[in-house]
Amino acid sequence: MSYIVSHEWLAERLGRENVRIIDCRFYLNDPARGLKEYRKDHLPGALYFDLEKDLSAPAGKHGGRHPLPPVEELAGKLSAAGIDETVTVVAYDDQDGAMASRCWWLLRYLGHEWVYVLDGGYTKWKKSGYPVTAEVAAVKPRSFQPRLQPSWLATVDDVRRAVQESSAIIIDSREWKRYAGKEEPIDRVAGHIPGARHMFWKDCVTDEGNWKSPQEQAERFSGIPKDAPIIVYCGSGVTACPNVLALKEAGYANVRLYAGSWSDWISYPENPIATGEK
């Protein structure tokens, strides 16, 4: 089963009642830009979900820069967007799938099985001549019933256990210079979780911005046994999501997201920090 759908696949299903499209475009350095771009034009029928207002909760002392939104609050927004267990959801962005993958992961965590990420993103859709619109669709609300899947989420205690007991393989999805502690442009402490392996999230996609095939993803992760428990993190639980999706595409079953990620890890002074290549 693949979690990636093509432009052609989605174009054939535009306008169907049981297909809901979510526009997740978001820019960390300009939080208002994604909504502005959505209002200018978007896929027909798409509704906009904001990374920080819809797909995250406000940051606090712990939980990282993009804590998970309250379950009931997100379920209410999904209901208002006309999503229930019978609806197929397709998320897209213009950020190589980072924001769309966060939406995908959240719905999977809430127990929704029919959720996918659009290959290639918005700009390629538009340049390929597929339809776009500025019209905001009116949708009939449905009742989204969350069925939490704890096996998709790793807590800070799970990560501590993995560090101390090697109970899981930890993957750091950030850029190499942040992993190595050579540069930290966002968080107040540089470095990585001890023992974590570096696997940059952008290696999930090709230079042209398309998702690599399941076989290519399997090659990326070939050094990791298929039955190994895996915990994936990044800076704040967003760009780790493409690696979670890629691991699932490659056939790994036991994959969890450390949602708080590095920005949560460093909020506990007692947590150990590593720098350098390992």
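User: How much space lies in the second largest pocket?

Analyst: Rolling a probe the size of a water molecule over the atoms shows where empty space is left. A pocket is an open set of points on a 1 Å grid over the protein atoms alone, where a 1.4 Å probe fits, with protein on both sides within 12 Å along at least five of seven lines. Grid points are joined across faces, edges and corners, and a volume is the space filled by probe spheres set on the points. In this structure, the second largest pocket holds about 210 Å³ of space. This is a predicted model, in which local features need pLDDT of at least 70, side-chain atom pairs count only at pLDDT 80 or more, and totals for chains, interfaces and linings use all residues. Residues are numbered from 1 along each chain as its sequence is written, and side-chain values use heavy atoms, with hydrogens and water left out.

User: Which residues lie nearest the centre of the second largest pocket, and how does its lining divide by class?

Analyst: Lining residues have an atom within 4 Å of a point. Ala, Val, Leu, Ile, Met, Phe, Trp, Tyr, Cys and Pro count as nonpolar, Asp, Glu, Lys and Arg as charged, and the others, Gly among them, as polar. Here 14 residues form the lining, with Gly 15, Arg 16, Glu 17, Val 19 and Arg 20 nearest the centre. The classes are 6 nonpolar, 2 polar and 6 charged.

User: What is the volume of the largest pocket, and which residues lie nearest its centre?

Analyst: The largest pocket has a volume of about 470 Å³. Its lining has 22 residues, and Leu 28, Arg 178, Ile 186, Trp 201 and Thr 239 lie nearest the centre. By class, the lining comprises 11 nonpolar, 5 polar and 6 charged residues.

User: How many helices and strands does the chain have?

Analyst: Helices (H or I, at least four residues) and strands (E, at least two) are DSSP runs, numbered from the N terminus. The chain has 10 of each: 10 helices and 10 strands. Its C-alpha trace spans about 50 × 35 × 35 Å along the principal axes.

User: Is Leu 55 buried or exposed?

Analyst: Buried means under 20% relative accessible area, exposed over 50%, and partly exposed in between (1.4 Å probe, protein chains only). Leu 55 has a relative accessible area of 2%, so it is buried. Leu 55 sits in the loop between strand S3 (47-48) and helix H3 (71-80). Contact means heavy atoms within 4.5 Å. Apart from neighbours within four places in sequence, the contacts of Leu 55 include Cys 24, Phe 49, Met 99 and Leu 106. For the chain of 278 residues, 54% count as buried.

User: Which residues of helix H6 are buried, and what do they pack against?

Analyst: In H6 (residues 156-165), the buried residues are Val 156, Asp 158, Val 159, Arg 160 and Ala 162. Their packing partners are strands S6 (153-154), S7 (169-172), S9 (230-233) and S10 (255-258), together with helix H10 (261-265). After H6 comes Ser 166, with a positive phi near 55°.

User: Where do Asp 96 and Ser 261 lie?

Analyst: Asp 96 is in the loop between strand S4 (88-92) and helix H4 (98-109), and its phi is positive, near 60°. With a relative accessible area of 28%, Asp 96 is partly exposed. Ser 261 belongs to helix H10 and has a positive phi of about 55°. Ser 261 is buried, with a relative accessible area of 0%.
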